[in-house]
Amino acid sequence: MHDSLRNFDDAKLAEALAGAGRNGQFREIIFEALRNAESQADDADIFQKEVRLPVIRTLLRDVQTHRVVLQNGLIFEVGVDSRIEEALLLSSSANPDHVWEPQTTKLLVSLAADMQHVIVGGAYIGDHVLPISLAMTEQNLGGMVHAFEPMEHAFTRLLHHLRINGIINVSAHQLALWSKSDVTLNVEGASALATCLPVNMSENHPMAIAQSITIDDYVDLRSLPYVGLIMLDLEGGEEEALVGASKTLSRPFPEAPHLIFEVHRNYVDWSSGLENTSIVALVRSSGYTIFAVRDFHDNYSMAGKAIEIIPIDRVYLEGPPHGFNLLATKDPDLVRRLGLRVVENVSPKLLVYKNPALHHPLDGLP
């Protein structure tokens, strides 16, 4: 009887929270109370996992998304579809300065601000596209972001975020960047983690498919004079996309794009050293110098902290399978110009609860 009563009470409480969650003002009040409670909890991590996140999920059961306004005024309507969105909902600030990967976001904005053309592959819901587009708009140089997202649901939400923010300097395409154009690809995996693979034409076509285009073909099709920055987050498809950009990458400085792209142990075998992987060799063969970017894969404020980068042959790689971003450039003055801090023999994964000597910024956490 006690179990039945408890289950009844749990169900009634969930129903009440979900119903109350339909009211945006009420959600804001509860979200703020949860932020304050977590900051006072004896164990903030346990409170977040066992109290804050379950309550947020229940509040959003019926409405699906909650509106978050960043410090720069950008609006995102996010739910619990992915770690990226959950991280934004679990931010310690009601108005954070980024969505995901604080140092990568700062680096992208710095690199893109005065560019004419930027390409983003794996645009997802716009977590990096929108800050880049805003920085380019503020420079008022007529810059354009070319965003590619093959997953239909994510692409629809990208368009929604462009619309509610009144952004007009983004050209969005539901296409996959690949080594060849006009290839039919499977889109496999969960939201924000989708991987593209060629369709086996001898089998029935899956429901989720996308068509491919190469960066070189897109640049030619749009008659782009040159591309200043390419950002790729393709869950293993980065090397294919870079193969399809060989002509663009071969251009000399200053016409060659800066690159920011992800590598992940699930897709890249770095057991012989990151510098010896095929994707690094490909980029180096075009004359690039490459660094790993130290960052949180989370929503964690790094305001006032220098962006730390690690030479490609000085990266600490131990630990379970993980991923991080690489920066590649042909600009010999980029490190000085952007005030980047070069460090060695540390992990690119910034993690609060891991060894500070390996996983914290050199001057400590904020």
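Nine strands form an open sheet of mixed pairing in the order 5-4-3-10-11-14-12-13-15, where two strands pair if DSSP finds at least two bridges between them and strands (E, at least two residues) and helices (H or I, at least four) are DSSP runs numbered from the N terminus. The edge strands are strand 5 (170-173) and strand 15, each of which pairs on one side only. This is a predicted model, in which local features need pLDDT of at least 70 and side-chain atom pairs count only at pLDDT 80 or more, while totals for chains, interfaces and linings use all residues. Residues are numbered from 1 along each chain as its sequence is written, and side-chain values use heavy atoms, with hydrogens and water left out.

**Overall fold**

- The chain holds 13 helices and 15 strands.
- Its radius of gyration, taken over C-alpha atoms, is 21 Å, close to the 21 Å that the globule rule (2.2 Å times the number of residues to the power 0.38) gives for 366 residues, so the chain is as compact as a globular protein of that length.
- Along its principal axes the C-alpha trace spans about 70 × 50 × 45 Å.
- Of the contacts (heavy atoms within 4.5 Å) with a separation of 6 or more, 72% are between residues 24 or more positions apart.

**Strand 13 and its neighbours**

- Strand 12 (residues 289-293) runs antiparallel to strand 13 and is joined to it by three bridges, with phenylalanine 291 opposite proline 311.
- Strand 15 (residues 341-342) pairs with strand 13 in the parallel sense over two bridges, and here isoleucine 309 stands opposite valine 342.
- In a regular strand the side chains alternate between the two faces of the sheet.
- From strand 13 (residues 308-311), Glu308 and Ile310 point one way and Ile309 and Pro311 the other way, and all are buried, meaning under 20% relative accessible area with a 1.4 Å probe and protein chains only.

**Largest pocket**

- A pocket is an open set of points, on a 1 Å grid over the protein atoms alone, where a 1.4 Å probe fits, with protein on both sides within 12 Å along at least five of seven lines.
- The largest pocket has a volume of about 1,100 Å³, and of the 35 residues that line it (an atom within 4 Å of a point), the closest to its centre are Asp45, Gln48, Asp298, Asn299 and Tyr300.
- Helix 2 (24-40), helix 3 (44-59) and helix 4 (83-89) each supply at least two lining residues, and helix 3 gives the most, with six.

Note on methods:
Points joined across faces, edges and corners; volume = space filled by probe spheres on them. Buried < 20%, exposed > 50% of the residue type's maximum accessible area, 1.4 Å probe, protein only.
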